Amino acid sequence: MKEHTLSQSEIIPPDTWNSVVESVAKQEETGWKDMNHLARVKYVTILIGKFISLLLLLYIFVCSLDVMSSAFRLVGGKITGKAFTEGAVLSNPIAGLMLGLLATVIVQSSSTSTSIVVSMVSSSILPVRRAIPIIMGANIGTSVTNTIVALTQSNRRDEFRRAFAGATVHDMFNWVTVIVLLPLEIASGLLFHLTEVITQRISLDRKASSNPQFLNVLTKPLTHRIIQLDEKVIQNIALGSNESDISLVKRYCSFKNTTDENGIFVLTPEKHCAFLFSTTSWPDWGIGLLLLVLSLICLCTCLVLLVKLLQSVLKGTISTVIHKTVNANFPGIFHHLTPYLAIGVGCIFTILVQSSSIFTSTLTPLVGLGIITLERMYPFTLGSNIGTTITGIMAALTATTALELRNSLQIALCHTFFNVFGILLWFPIPFMRNVPIKLAKKLGEITAEYRWFAIVYIVASFFLIPLTVFAISLAGWYVFIGIFGPISLIILFVIIINLLQAHKPKYLPRGLKTWLWLPRPLRTLAWYDQYLFNGHKRLLCCKQDEAKESTITINENINKKSGHTNEIFDDFDRLSGISTRF
């Protein structure tokens, strides 16, 4: 008897998460033995051309991310620097967390936001303990880039589901880690006291080292022809040593000494820098908006072409071999060590490219194609989190005095141990490891069914909710607890009821066995899909017939598994996030 097991909220046939997509795996290819000499030469030439094009597109993709980061800094960098000068804001850990998240999203670089914090801590303007929540927020904000990148695969439902889950597994890990460690840090000061002991035990009387920029050597020839920024302006605004009306654009590259009327030597500009906007008189926000639009167009174009090119190169048996190789485990009793090797690989590659966003964004399309499974993407992401903190430590070692080095190294170590503790909490134990993965899969399934939800998720998670929490936290702890205390209790109540509905419905009163008594907008996304987004099904290149077919399939599969036809309960169950059959 053939056994058939359906996956959770399944949209396409079984094993939808751990197999290569059909468009790649089932492409027919002519065998090498069946080709004549001319066909073989043509095949090899085309293959070499595709790999060169792949490297070129990857290079332009990385450069686009760099330019997009510069564009975000031009648009919001000064506001970010000024926000860090507000002492009353930084004294509230919740406000600090949201400030770190928003600052990283605005400048599209956790390196920039953390370097501001490190500079303020190094200069003794910001105490280490107040800086820790900001670092945690920056850790969350850095995952927005690969979440945006996943949107470029929205034209294919199965690829989009995988890609979005592969991108948001980073979000889920960061959020669940903050939910656990931030209250612990507020109550006990765990990270602060641990890093304080470490920095007091080591000798800090040493010469400043340099922070190697491996990737900049490759991208600088192109990106520095487009835009160059004075990286110290934002930090100096935060430190209070610069006025906020100074331009971030580095317009002059050489200066000369001249004397004024009083005989005092002053530096005057001598030569403009050799890049596109060095002589323009546009304001920073104008240049930033133009570069943002152009970089986004370039980024999306590169990703679409990359996916198409990967589909043509990694076809048939090649995709299967790569899929099995990348996702293979060590033999025998050593198979448990494979994910830890993946963490090490992610850490090393992130150190080399100097950016966790670039590393994870590059892997996201491969997750969409099924070349890398979500279970393998997760340790790569964790290693990337560690790698980006190592570069922070290397940057902290550039401090000159022993006091500056001690302060900057302590906050950099706080960032490292935050991620290390998160990995120890959410990775070694299989059940705990499944929590971020399952949450990411749920988001992938929901966005595959309702394409518009991806935009809602990004806007809400990285802008609206942080801004709301930030604003309310400024009103004080009593107001904050008075508003979010009841909300937290309601969420906890819903999670418990969903668990009981799924596993022990007999213990519930009749009225709580389903959510049918709630108004429909509070029970299902289908209502929003029908009334708010009706006629906009193609918002993300969605096909009407594919949407209807997959919706019917998902409902049928859920009904077969659960044995009931309460589609409203299923929507609510999936959105609540915890009533998963782990």
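User: Why is Glu159 called buried?

Analyst: Buried means under 20% relative accessible area, exposed means over 50%, and partly exposed is in between (1.4 Å probe, protein chains only). Glu159 has 3% relative accessibility, so it counts as buried. Before we go on: this is a predicted model, where local features need pLDDT of at least 70, side-chain atom pairs count only at pLDDT 80 or more, and totals for chains, interfaces and linings use all residues. Residues are numbered from 1 along each chain as its sequence is written, and side-chain values use heavy atoms, with hydrogens and water left out.

User: And what makes Arg156 partly exposed?

Analyst: Arg156 comes in at 33%, so it counts as partly exposed.

User: How do you know that Glu159 and Arg156 meet in a salt bridge?

Analyst: A salt bridge needs a side-chain nitrogen of Lys or Arg within 4 Å of a carboxyl oxygen of Asp or Glu. For Glu159 and Arg156 the N to O distance is 3.7 Å, so the pair passes that cut-off. The structure holds four salt bridges.

User: What makes Asp158 a partner of Arg161?

Analyst: The closest N and O atoms of Arg161 and Asp158 are 2.5 Å apart. Both residues are buried, and they lie three residues apart in helix α8, about one turn of the helix. Helices here are DSSP runs (H or I, at least four residues), numbered from the N terminus.

User: Which residues are joined into one network by shared partners?

Analyst: Asp158 also meets Arg162 in a salt bridge, at 3.3 Å from N to O. Asp158 and Arg162 are four residues apart in helix α8, which means about one helical turn separates them. Shared partners therefore join Asp158, Arg161 and Arg162 into one network.

User: Why is a set of residues called a nonpolar core?

Analyst: The label needs buried Ala, Val, Leu, Ile, Met, Phe, Trp, Tyr and Cys residues joined through side-chain atoms within 4.5 Å. The largest such core here has 111 residues, and Met136, Ile227 and Ile411 touch the most other members. Helix α8 (residues 157-188) gives the largest share, 12 residues. A second, separate core of six residues includes Val494 and Leu508.

User: What is Met136 in contact with, leaving aside its neighbours within four places in sequence?

Analyst: Contact means heavy atoms within 4.5 Å. For Met136 the partners include Leu97, Val178, Glu185 and Phe418.

Definitions and conventions. Helices (H or I, at least four residues) and strands (E, at least two) are DSSP runs, numbered from the N terminus.
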